[in-house]
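Reader: I've got this structure open and I'd like to zoom in on just one part of it. Could you pick a single helix and walk me through what sits around it, then step back to the rest?

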Amino acid sequence: MQGWMIALLIIACVVAVLAAAFFIGSFVAVHAILGRRKPLSPQKAEKLGMTPERYGVNSAWFNGVKEFFKPLSLTAYDGVALKATLIKQREGNGRVAICCHGYGAAPRSMQVQAKLFYDRGYDVLLPSMRGHGESDGKVGMAWIDRFDLLRWIDKVIQLYGENVQIALCGVSMGGSTVIAAAGMNVPPQVKCVIDDCGFSSQKGVYAAHVKRSHLPVVIALLPLAVGVKLFHGYSLYDADITALAKKMTVPALFIHGGGDKFVPTALGRELFEACASENKQFVEIEGAQHACAYAADPDKYSEAFNAFIDSCVEGSEFVFDSNELIPEPEPEKEESAEQNPDSETPEQEAENPAVEGETKDSEAPSGEVPAEAVKEDAPTKEDNGDELSDE
């Protein structure tokens, strides 16, 4: 065999190996970022400081409203099964808030926003975003989730009727989701949108992390971009939330922490500037880290939040403080083992607690809200979507 033929074979083999390595790298990258999210262990979450208190989440609040839980489900446009929990008022008033959680988080990480709405008489729908919790599929990173949110909006209208008033709210990826959906000709029942620390585009948020690593953005994003196209069917560079924000007409409130490095404040302002709504506001919470705006300044956050929804939704006003529904903790029994020979030793109590206590669940990687910031008490009964009940 002539030398030039051998050289060509060697070159072809090298190219084939490099192509295979690139393909494998693309698969690994897209699976690592957009595969199903699993929570961190409680130990690791605690070590990283990713506790409910960091985000202002009150775990006990769900214990007060769990009797009003109603499970809902639907099928997405691509056949993915989606789940959600509806928290109803004792007496419905035709107002519903849909609250979308962030990347790697859980529906209950939206406790702060859920309570603000609930205190003003709204029923609250907490979907599990695709690729998270009880919902199937892979992570949609707002670009795919927008279609799921439109389905949930239709579901709410189906359950409550044409006169229902709907508010959309989301944090981080959920914030980008509600903005993206609002730019897609949402029905008139949607009265307002609240975005807390959402990003302006997938490329923008990925590039922000790459820059922090001091890597070339174009080269670093190439494997992920190829993987997204091959395995998710869309271009990462087309996943631009600002393009949809330019079509919005729904009133919008944008909240962002001034110290946010996970989704830099500049990306939030970029989304705000692109929004075409005549009624739009931007509130920056000084020094607040990602998804920590409420925890950093509860008063400023709540005042802006409540004033906005009250101005957009007819009849929206303070009804009651739902913290009043939280049950009192059971008093501890002071009884020694000597007084009661049937009582367990401290070692036995540690293994078999008489009363199950709160556990610190994990959080999404890289600063997202805890994956399960509160103890799960989700109902198991499936909803048939035909009617509402007070189960």
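Author: Take helix α10: its buried residues pack against α6 (173-182), β6 (190-196), α7 (202-212), α9 (241-245), β7 (252-257) and β8 (280-285). Keep in mind that this is a predicted model. The helix itself covers residues 265-274, and the buried ones are Thr 265, Leu 267, Gly 268, Leu 271, Phe 272 and Ala 274. Look at how those numbers are spaced, with Leu 267 and Leu 271 both on the list, and Gly 268 and Phe 272 too. An α-helix has 3.6 residues a turn, so residues three or four places apart point the same way.

Now zoom out. The protein chain has 13 helices and eight strands, and buried residues make up 50% of its 391 residues. If you take the contacts between residues at least 6 apart in sequence, 78% join residues at least 24 apart.

Where do the nonpolar residues gather? The largest nonpolar core has 66 residues, and Ile 98, Met 141, Ile 153, Ile 166, Leu 168, Ile 179 and Phe 199 have the most contacts inside it. Helix α5 (residues 145-160) gives the most to this core, seven residues in all. Apart from it lies another core, this one of 41 residues, including Val 57, Phe 62, Ala 97 and Ile 194. In soluble globular proteins, nonpolar side chains tend to be buried together.

Setting aside its neighbours within four places in sequence, Ile 98 touches a whole list of residues, among them Leu 125, Pro 127, Leu 149, Trp 152 and Ile 153.

Charged side chains are worth a look too. The whole structure holds six salt bridges. One of them joins Asp 78 and Arg 130, at 2.9 Å from N to O. These two come from distant parts of the chain, 52 residues apart: Asp 78 is in the loop between β1 (69-75) and β2 (81-87), while Arg 130 is in the loop between β4 (123-127) and α5. Arg 130 also forms a salt bridge with Asp 148, whose closest N and O atoms are 2.7 Å apart. Put together, Asp 78, Arg 130 and Asp 148 make a network of salt bridges.

How covered are they? Arg 130 has a relative accessible area of 5%, so it counts as buried, and Asp 148 is buried as well, at 4%. Asp 78 is at 36%, so it counts as partly exposed.

Note on methods:
Residues numbered from 1 in each chain as written. Predicted model: local features only at pLDDT ≥ 70, side-chain atom pairs only at ≥ 80, totals over all residues. Heavy atoms only, no water. Buried < 20%, exposed > 50% of the residue type's maximum accessible area, 1.4 Å probe, protein only. Helix = DSSP H or I, 4+ residues; strand = E, 2+ residues; numbered from the N terminus. Contact = heavy atoms within 4.5 Å. Core = buried A, V, L, I, M, F, W, Y, C linked by side-chain atoms within 4.5 Å. Salt bridge = Lys/Arg side-chain N within 4 Å of Asp/Glu carboxyl O.
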